[in-house]
Amino acid sequence: MSATKTTMRRFRSQDWFDNPERVDMTALYLERFMNYGITADELRSGRPIIGIAQSGSDINPCNRIHLELAKRVREGIRDAGGIPMEFPLHPTFENCRRPTAAIDRNLAYLGLVEILHGYPLDAVVLTTGCDKSTPAQLMAAATLDLPAIVLSGGPMLDGWFEGELVGSGAAIWKGRRMLAAGQIDEEKFLQIASASAPSAGHCNTMGTASTMNAIAEALGMSLTGCSAIPAPYRERGQIAYETGRRIVAMAIEDLRPSQIMTRDAFLDAITVNAAIGGSTNAQPHIMAMARHAGVEITPEDWMRYGYDVPLLLNMQPAGKYLGERFHRAGGVPAVMWELLQATRLRADRPTVTGRSMAANLEGRATADREMIFAFEQPLKQQAGFLVLKGNLFDFAIMKTSVISADFRQRYLSTPGREGVFECRVVVFEGSDDYHARINDPGLEIDVRTMLVIRGTGPIGWPGSAEVVNMQPPDALIKQGITALPTLGDGRQSGTSDSPSILNASPESAAGGNLAWLRTGDTVRVDLNTGSCNVLISDEELAERKKIAPPPVPPSQTPWQEIYRATVGQLQSGACMELALAYRGVGQDLPRHNH
Ligand SMILES: CC(C)(O)[C@@H](O)C(=O)O
C-alpha cells in the first residue's frame, strides 16, 4: 500500500520520518518503529503522531485506570486519522511516595519536556489523576507549546461505611482523631480507610486530585465535563475516545496551550477553585502552571478573584457529599455556569473543544441544588484562600471554606475583635518532632496554643510535605477540641478540614523568619487585614537571627540535591526556576542524533 499524502500541514514528526535532506537518518528513525509492526507508509503519510503520556502504573493506583483508558484514546486517535504513540511518565503518587510526591512534580515535568522535545511527536494527550500528575503535565505542555489535551482518570466511586459516606483522605484525618479519642480501634480504622477507597480512580473528595483536574477543565484544557466522571463509569471510556479524536483535530488546527492557558483562563481557575472548595495545593500548582505559561499571578489576584468567591459545591472536605453526586449534578461545567451567570468568569476565551468556554457551558445548569448551590444563596460567603503576611513570612494562605462553626466561635468571635486571635506557639522541627512530642504534657498545649511546624517547605523537607494539618494532643481531642490553630512552611492534604495557615514563604530553610520563632512566643492573626505577626520587636528578631537557623537534613538522593538547588518557594509555585526560560521550545527542533 502506498502512502496517501494528506492535505494537512507538515508536522514536526515529518522531520524525522520524511526528510529528503537526511535520508540516512530517516531510515534509522523509521526502521525501529517498524519492528513492532507500524509501516513506513503510515509514518510518512503526513498524519500527526499523537503522544499519550501514560501516567498509570502499578505504583500509581490513582492513575492506573489510564492503562485501560489509553485503548479508547488510541481508537479515537486512529479513527480521526492520527497515529498514537504511548510512553510512560515518571510516577507522582501522593499517598505513598516518601519523603513526598511534591519532589516528583518537577521531575515528571522535566521528563515530559524532554520526551516531547526529543521524539517525533506532534501533539499529546495528558493522562491526569493524582495531585501532581495534572500540574506536571500542564507545565510541560506550556513549556513545549505543542497541541495538548487533558484526559482525567476520574475519581473513585463514593465510599460508604455503616450507612455513611466516607471520603478518601478525609476518612484518614477523621479516623486518626477517633483513634486518639479512643472511639475506634486500629482494625476499625483500617476498615473505614478501605471503605473510603472502593474502586479504581483518585480521591473521591475535593482533595488535590479532583481540584487539579477541575482546574485543568476550568482552564479549558480538557473536554467539557471531563474531570468529574468517576473512573469506573462508562462515560469515562467514552470521553477517552472523544479526547483521542479531538487531539488529532487540534494537531491539524495547531491549537496550542499558549492560546488556551492565558491570564483570563488562570483567573477563572482561581475563581472556580474557590467555588468548589478546592485544595490549598492548588495555590502552588496554579502558580507553577501560570509561570510556565508566561502568565503573572499576584497575591492580590488570589484575593480579588478567589477569596471573595462563595462556596457553591457541597463536597467534602468543605461540604458533605462525594464525587459521584458531583458528576451527576453536572460537574465542573455546572459550577462554572453559576459563576458565569454571576458575571464572575472571563469565559469568552478559547478551549480545547475549539469553542469558547462560554459556549461549552451553555445548557449546563445543575438540577441538584443540594450539591451545587446558586451563587446568590451559597453554602458560605468569601470561601477562597485568604492571603496573609507579616513578620514571619511574606506570603501564606488559609482555606476559609473549612473554618468550622466551632473554630469560628472559639477563635474568631471575640466581641469587638472579630477575626483576630492571639496564641502562644509551640514549635516543631518537622513532623517526626511533632509526632514524638505532641502528647508531652510539659508543652502545656491548650486551646490558646498555636501548633507551628517548620523545615517542611520545598528546600527544608525536601519537596514540601503535607504535614501542617497537625491534630491536637490526644488529651484535648478527648475533651472535644478537634482543631487548634496551626501554621507552617509546608503544605497539607487537600482533603483536610484544618483551617491552617500554610505554604508560608519564604520557608525557614530559605531564611524565612519562621526559623527564629520560639516556643512560648505569642503570634497574633488578624483575618480582617490578612496579617500574622510574632509579637516581638524588630530588635529582638534581629538579635535572634545572629543564631544559625535549624539545620536541614542531608539530601538522600541525587535528585533531592538537584531539586533543592533549583526550586523556588511555594508562593511562586515551587518551580524549577531555570526551566522558566524555555517556553515554546516545541517549535525548535533538536539536531539529528547521528
Ligand atoms: C489525600 C492526599 C494524599 O493528601 C492528597 O491526595 C490530597 O488531596 O492533597
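Helices (H or I, at least four residues) and strands (E, at least two) are taken here as DSSP runs, numbered from the N terminus. The structure is a predicted model, in which local features need pLDDT of at least 70 and side-chain atom pairs count only at pLDDT 80 or more, while totals for chains, interfaces and linings use all residues. Residues are numbered from 1 along each chain as its sequence is written, and side-chain values use heavy atoms, with hydrogens and water left out.

The entry's annotation "Dihydroxy-acid/6-phosphogluconate dehydratase C-terminal" covers residues 371-574. Here the chain is 18% helix and 21% strand, and 34 Å separates the end C-alpha atoms.

The residues around the ligand (a heavy atom within 4 Å) include Glu94, Asn95, Asp131, Cys203, Thr208, Asn281 and Glu466. By class, this shell has one nonpolar, seven polar and three charged residues, where Asp, Glu, Lys and Arg count as charged, Ala, Val, Leu, Ile, Met, Phe, Trp, Tyr, Cys and Pro as nonpolar, and the others, Gly among them, as polar.

Polar contacts are pairs of N or O atoms within 3.5 Å. Ligand oxygen atoms lie 2.5 Å from a polar side-chain atom of Thr208, 3.0 Å from one of Asp131 and 3.5 Å from a side-chain N or O atom of Asn281. The protein covers 94% of the 270 Å² of accessible area (Shrake-Rupley method, 1.4 Å probe) that the ligand has on its own.

The backbone also deserves a look. Most residues other than glycine have a negative phi, and most peptide bonds are trans. Arg98 and Pro99 are joined by a cis peptide bond, with omega about 5°, and Pro99 is in the loop between β2 (83-88) and α5 (102-118). Another cis bond, also with omega about 5°, joins Trp461 and Pro462; Pro462 is in the loop between β10 (449-454) and α20 (474-478). Glu162 has a positive phi near 45°, in the loop between β5 (160-161) and β6 (164-165).

Technical notes. UniProt positions are given in the numbering used here, feature names are shortened, and annotations may be inferred rather than shown by experiment. A polar contact is a pair of N or O atoms within 3.5 Å; within protein, one must be able to donate a hydrogen and the other to accept it, and residues adjacent in sequence count only if both atoms are side-chain atoms.
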